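Thanks for coming, everyone. I'll keep this brief. Let me put the structure up.

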Amino acid sequence: MGERYLQEKHVLVVGGGIGGITAALELASCGVRVTMLEGGPSIGGRMIQLDKTFPTLDCSSCTLTPKMVEVALHPRIELMTLAKPMGIERNGKGFSVSIQKRPRFVDMKKCTACGACSGACVMKGRLSDEFNLRLSKRAAIYIPFPQAVPQKYLVDGDGCLFVSRGKCKKACVEACETRAINFDEKEEIIESYYDAIVLAPGFDLYDATEKREYGYGSLEGVMTGIEFERICSVTGPTGGEMVINGKTPKRFYFIQCVGSRDRQTGARFCSRVCCMYTAKHATIVRDRVKDAEIYVSYIDVRAYGKNYEEFYKSTQEGGTYYIRGIPGDITQGEKGLLVRVEDMLSGELREIEADLVVLATGVRPRKDTAELCNLLKVDRDEYGFIRTDSIAPSRTSTKGVFVCGMASGPKDVPDTVASGGEAASRCLEYIGEQ
Ligand SMILES: Cc1cc2nc3c(=O)[nH]c(=O)nc-3n(C[C@H](O)[C@H](O)[C@H](O)COP(=O)(O)OP(=O)(O)OC[C@H]3O[C@@H](n4cnc5c(N)ncnc54)[C@H](O)[C@@H]3O)c2cc1C
Ligand code: SF4
Ligand code: SF4
């Protein structure tokens, strides 16, 4: 397969998390033209929200940011943010795709990311910041996080008083020296042909409010694992200080398998990352909070990857108390939260006081994956993840459509990266045969 031949080929990668990024970079390094669609304002996916990654405790954004920048600068990769496929039709061996691109209201060529607009915006500090899981506030014109790629601001149409109600003196426009803000920008529909498609739309997390017995959303001091990641992160709402509602908790209770391996929620599968991310959270607490009391409730610990068992053991040996048994409920006690749990090893019914309870919520297929699969006539499994071939785990039921990352089922970062590489090589094989 000659390089010139591959240069004529064009692949669409849907999703700019670590899975899509890996596949796009692999394909582009082989000479293929790639268009990456990211539905959000920046690439990075969930991994860019993480503080550190198990089991090495490497800084997540330090690992991922260079790859995100490589995508943006690669001469064979075209990156489209705020964009998703709307219509897809088979066209010969390839696909005709219509892409919906939402307006950013900021001219990317002119924006220098100086931040003056955000400082002047009348909505400054009034809108919930999605990147920090609503634990902090932002303006209507903003950059999603400091290392965002592209490094460009955008206007949140729903939050902006001018876009949503036509009522604002547009202080942002006054503040912008480069005249980058353009409220006349409209949604665009772009039609293009692609020789193959790689799907990497990632995952959702279980909605913890469904477990009423844990009081998420009603009890102060109950949060999810992904929220805890933002609390730990230096780019998070507390600048990495372990401060929640103005106080540093001392007694931490982590609950694994929330919404995983659970018939009640219809998800009998293991989410594969929560045992390990909980061990990571406990280790971070041990490092940062002097004299912390740390408990972890578990069904059994699944530490299947390289150095995972050692990491879990060192967490336990470092003074984290593992209790086999999942709590029945959490209530507000006089001196903090009360976690009621049956210790399955001793048979004892225990009531443990905690300042903070962290729910390790399980993985779910994204709600809009169904729509994407319908467009492509791609089969899904009993839970809604994209169904794959057992011999070629990136191959879907539609020829020329490949999948990587969490979209086909729970995976940690190393497995997501491996699946991105596999999707790229199967895709090369397919376009090479055309
Ligand atoms: C709390 C928590 C902690 C974790 N800690 C670790 C850890 O320490 N180590 C580790 O190895 N793993 C960890 N993980 C797992 C890790 O986050 C995943 O393995 C990884 O994010 C999967 O990447 P992905 O690219 O498949 O999906 P995602 O990260 O979800 O990225 C998918 C991207 O696709 C975009 N997208 C979705 N649909 C569309 C569409 N229709 N059009 C365009 N774009 C779309 C999304 O906006 C998103 O940017 C953790 C997970 C959680 C929840
Ligand atoms: S839109 Fe203008 S003011 Fe805002 S960050 Fe970009 S250049 Fe600066
Ligand atoms: S128009 Fe008003 S609300 Fe909208 S971004 Fe500008 S200052 Fe903020």
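Domain bounds here come from an automatic or database domain assignment. On that basis, the protein chain splits into domain 1 (3-101 + 187-202 + 366-432), domain 2 (116-175) and domain 3 (206-362).

Two notes on reading this. The model is predicted, so local features need pLDDT of at least 70 and side-chain atom pairs count only at pLDDT 80 or more, while totals for chains, interfaces and linings use all residues. Residues are numbered from 1 along each chain as its sequence is written, with chains lettered from A and ligands numbered from 1 in the order in which they are written.

Back to the domains. The centres of domain 1 and domain 3, taken over C-alpha atoms, are 32 Å apart. Their contact takes 12 residues from domain 1 and 19 residues from domain 3. Contact means C-beta atoms, placed from the backbone, within 7 Å.

What classes of residue are on the side of domain 1 that touches domain 3? There are 7 nonpolar, 1 polar and 4 charged. Ala, Val, Leu, Ile, Met, Phe, Trp, Tyr, Cys and Pro count as nonpolar; Asp, Glu, Lys and Arg as charged; the others, Gly among them, as polar.

Now ligand 2. It has 14 residues around it, counted if the C-beta atom, placed from the backbone, lies within 6 Å. Which come nearest? Cys111, Cys114, Ala116, Cys117 and Cys176. The shell around ligand 2 has 11 nonpolar, 3 polar and no charged residues.

Technical notes:
Two residues are in contact if their C-beta atoms, placed from the backbone, lie within 7 Å.
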